[in-house]
Amino acid sequence: MKISTKGRYGLTIMMELALKFGEGPTSLKSIAEKNGLSEHYLEQLIAPLRNAGLVKSIRGAYGGYILARESATITAGDIIRVLEGPISPVDFTEEDDPAKRDLWLRIRDGIADVLDSTTLSDLINFKEETHADNYMFYI
């Protein structure tokens, strides 16, 4: 399964809104400028997120968008499903070999498990682990 720019940019929008949660609305223009993205494209992505109840729009001179609920309650799976549709690595039919069908189902379930167990809060608080080898060399 390949996540398109819709899903990737949608996650970017939602992470930016999560970072500003509680500080008031954020404009798509500021998100676009900060991330080097097309504001027009982000406008197309925000509508399904709003329709799904993940974001709220605030009108006015200082308007923009806010998360509809706390970042710890919104998963990557919520966002990806809204923008990309159902999570499935292949379109399987009834004629598929049972072993292959089981493989596709396990792959689908594995992807869904990762997406559904990763919240926006996890993403914005991510700290990359460095795996430095702890070797001491003496000369």
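1. In this predicted model, helix α4 (residues 76–84) packs against helix α5 (residues 98–116) at an angle of about 120 degrees, and their axes lie 6 Å apart. The axes are lines fitted to C-alpha atoms, for helices over the stretch in contact, and angles run from 0 to 180 degrees between N-to-C directions.

2. On the α4 side, Ala76, Gly77, Ile80 and Arg81 meet Ala112, Leu115 and Asp116 of α5, where contact means heavy atoms within 4.5 Å.

3. Strand β1 (residues 55–58) and strand β2 (residues 64–67) pair in the antiparallel sense over 4 bridges; strands pair if DSSP finds at least two bridges between them. Val55 has Leu67 in β2 as its bridge partner. The two strands, β1 and β2, form a hairpin with 5 residues between them, and Gly60 in the turn has a positive phi of about 115 degrees.

4. Helices (H or I, at least four residues) and strands (E, at least two) are DSSP runs, numbered from the N terminus.

5. Residues are numbered from 1 along each chain as its sequence is written. Local features need pLDDT of at least 70 and side-chain atom pairs count only at pLDDT 80 or more, whereas totals for chains, interfaces and linings use all residues, and side-chain values use heavy atoms, with hydrogens and water left out.
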